[in-house]
Amino acid sequence: MSDAVAGGAGSSAAHASRSRAAAVPRPARTYITWVTLAFMITSSVASLRAAPTMAVYGLAAVFLYVVPAILFLLPTSLVSAELASGWSGGVYRWVADGLSKPLGFLAVWCQFAMTIFYYPSLLGYVASTFAYVINPALASNGVYVAIVIVVVYWAGVYISSQGTKTVAGLSSAGLIIGTLVPAAILVVLGVVFLGQGHESAAPMDSSHLLPQWTGIASLVLIINNFLSYAGMEMNAVHVTSLRDPAREFPRAMFLAIGLVLVIFILPALAISWVIPADQLSLTAGVMQAFDAFFANFHVGWLTPILGLMLIAASVGGMLTWLAGPSKGLIEVGREEGYLPPFLQRLNKHGVQQNILVSQGVFTTVIALLYAFVPDVSSAYWILSVITTQVYLVMYLLLFVAAVRLRRIAPDHPRGFRAPWLVLTCAVGFAASLAAMLIGFVPPAQFSSGSVGIYVLIVGGGLVLVGLVVPWLFYVLRKPSWRRPADPAAAQDVAGEVAS
């Protein structure tokens, strides 16, 4: 009898604790559409910044974009679509389940570390574009550039802290307003230009389909374009924000592929139709290309408007990058205790605000150095190369993990299966490795320096940023740093234990 009473009392207590837990308000689950996710993926990869540079090659720009798309974009997208349709959690979960948890942490760290030097570069472009709208002379003013970088970055941190749905909406709007619409304007005006009987400034015959071969420089050009497509996998961390991830993520990925190719290729061709290669200044950037294009049609008043639209696209892309890699890092940091408690804290919207703030400190320092220290631009360029090398480590791990997951978990539910996975991963791995090796080739502006010193700097930076830092996080971790993966579930458990 006493046992029965005790059992009844225990049952009542458990029921009461569950009732109290149920009464605790939980944040409503928010979803995004697969089209919105496709726009987020596209905004994190595609932009018009490279259009003037590639327009110099005329019709050969198609070759320079299509070959990297086949060798790198397609393998990355197919593999990411399969993995995201079967495993939530992004790059960490894929590599952790396919290889090991420490390598999973290394992969997501490499994805995150690349952004440290990406933001100053992207926001420097925003500063120069805005200067072209208000006063072109400001583009070379270091104080102005630093202020714009710092202000826009911290504004982006605030916006990102409001949650994924806010970021998704703004990044999608930025893509439409600042990339798709300007790209469409370029292409339409280009077609009208040719339709009026004007001759294309760049030859459009079959003999110019391939770029002129200039040895290692041509190889570097092609392989560097692999990295134009980097980031396709990054938004896989948002797969849980879809209502039907297995079906919707592959759709989002393939729509993004089409949009990325259109945005990269067609505007570059349109510019090459109107502006001769020897008159197109690469240093002035995309705004000068728009200015020259519109002057030809006597609609120069559109230039400042397009400048503001391009800024919207860049800010939208920055928001996507802020929300993606840092989210993957916080998930593994909490689950496995790889990050100290300070970096694991979430705000009321469930956003990893402390990671964004910590990253912002480094971004601010880099921006100030870039603006005020003479000759820092070459050092900054080398740092950018180092972080690109670090990012490629993630891709190498990704392709190996995908092959192993297919072998060790062939029956694991997948909403999508990449065709010829082993061959696809082999091509993607080879492309990533080639891009990494090319990164050790000194650029033209480093020709007066020692090749050995350049290789040593890049290699040393790769080891330090890509291996030593995540290794220190790993060896210094403590069991007390681990946090439950599901805060709501943990809250229920805590309520039952307390009762």
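Helices (H or I, at least four residues) and strands (E, at least two) are DSSP runs, numbered from the N terminus. By that definition the chain holds 20 helices and 0 strands.

The model is a predicted one, in which local features need pLDDT of at least 70, side-chain atom pairs count only at pLDDT 80 or more, and totals for chains, interfaces and linings use all residues. Residues are numbered from 1 along each chain as its sequence is written, and side-chain values use heavy atoms, with hydrogens and water left out.

**The whole chain**

With a contact defined as heavy atoms within 4.5 Å, residues 24 or more positions apart account for 82% of the contacts with a separation of 6 or more. The chain exposes about 21,800 Å², and carbon and sulfur atoms supply 68% of that area, as computed by the Shrake-Rupley method with a 1.4 Å probe.

**Helix α4**

Next, select residues 60-86, which form helix α4. Because 19 of its 27 residues are buried, α4 is largely enclosed by the rest of the structure.

**Aromatic pairs**

Rings of Phe, Tyr and Trp (its six-membered ring) pair if their centres lie within 6.5 Å; planes under 30 degrees apart count as stacked, over 60 as edge-to-face and the rest as tilted. The count under this rule is 12 aromatic pairs.

Select phenylalanine 105 and tyrosine 338, a tilted pair at 4.7 Å centre to centre with 55 degrees between the planes. Phenylalanine 105 belongs to helix α6 (residues 101-113), whereas tyrosine 338 lies in the loop between α14 (325-336) and α15 (341-344), 233 residues apart. Both residues are buried.

Move on to tyrosine 153 and tryptophan 154: their ring centres are 5.6 Å apart and their planes stand at 85 degrees, so the pair is edge-to-face. Tyrosine 153 counts as buried at 1% relative accessibility, while tryptophan 154, at 29%, counts as partly exposed.

**The ring cluster**

Finally, select Phe105, Trp109, Phe112, Tyr338, Phe473 and Tyr474, which ring pairs link into a cluster. Arginine 477 lies over the face of tyrosine 474, at 3.9 Å from the ring centre; a charge sits over a ring if NZ of Lys or CZ of Arg is within 6 Å of the ring centre and within 35 degrees of the ring normal.

Technical notes: The expected span of a helix is 1.5 Å times one less than its number of residues. Buried means under 20% relative accessible area, exposed over 50%, partly exposed in between (1.4 Å probe, protein chains only).
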